[in-house]
Each structure stands twice: as C-alpha cells, then as structure tokens.
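Hello,

Here is the structure I said I would pass on. My notes on it follow below.

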Amino acid sequence: IATRPVATKEERETLNEEHHAELASGQIFKRAIRPEEIADTVVFLCSARARMITGITVPVDGGHNAIR
C-alpha cells in the first residue's frame with residue numbers, strides 16, 4: 001500500500017498549517033488520508049474478496065497519482 005501524508009496526531013504536531021495545505025493541494029480530495037482509510041484497504045486485501053489480487057502496490061493517496 002502506497003500512501004500520501006496520513007492525518008495522524010504526530011503529523012499534525014510536526015507540520016505547520018501551510019505545509020498541510022501544500023500537501024493537500026496535490027490531492028483530489030484536498031485533505032490528508034485518515035488512518036482508517038488505509039486500514040479499510042488492508043482489511044479488504046486480507047479478505048477472500050481480494051484473493052485474485054497479487055503482486056501490486058495499491059495507492060491509497062487521495063488521488064495524488066491520478067492528477068500527476
């Protein structure tokens with residue numbers, strides 16, 4: 001799973017608001033990814049519904065790759 005900045009407590013404490021805005025501007029959804037959004041992807045990939053998905057990197061990046 002490849003992510004962009006994740007909205008964690010540590011990230012909020014480390015980065016200033018200007019930096020947050022700059023990072024979000026490069027994403028379709030204009031916000032940081034929430035940890036539960038990554039967790040949802042992990043749960044899906046570990047489920048039987050994803051049994052035919054192999055050998056790939058799944059972007060959970062708020063659309064960053066789509067607009068690059």
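From the N terminus on, the elements run β-α-α-α-β-α, which gives 4 helices and 2 strands; helices (H or I, at least four residues) and strands (E, at least two) are DSSP runs, numbered from the N terminus. This is a predicted model, in which local features need pLDDT of at least 70 and side-chain atom pairs count only at pLDDT 80 or more, while totals for chains, interfaces and linings use all residues. Residues are numbered from 1 along each chain as its sequence is written, and side-chain values use heavy atoms, with hydrogens and water left out.

Of the 68 residues in the protein, 24% are buried (under 20% relative accessible area; exposed is over 50% and partly exposed in between, with a 1.4 Å probe and protein chains only). The largest nonpolar core has 5 residues: V6, I33, I38, V58 and V60. Such a core is a set of buried Ala, Val, Leu, Ile, Met, Phe, Trp, Tyr and Cys residues joined through side-chain atoms within 4.5 Å. Leaving aside residues up to four places away in sequence, I38 touches I1, T3, V6, I33 and V60 (contact means heavy atoms within 4.5 Å).

On the surface, I28, F29 and I67 form a nonpolar patch with about 330 Å² of accessible area together. Areas come from the Shrake-Rupley method with a 1.4 Å probe, and for residues only the protein chains shown count as cover. I67 lies in helix 4 (residues 64–67) and counts as partly exposed because its relative accessibility is 47%.

Regards

Technical notes:
Patch = residues over 30% accessible without salt bridge, like charges linked within 9 Å, V, L, I, M, F, W, Y side chains within 5 Å. Salt bridge = Lys/Arg side-chain N within 4 Å of Asp/Glu carboxyl O.
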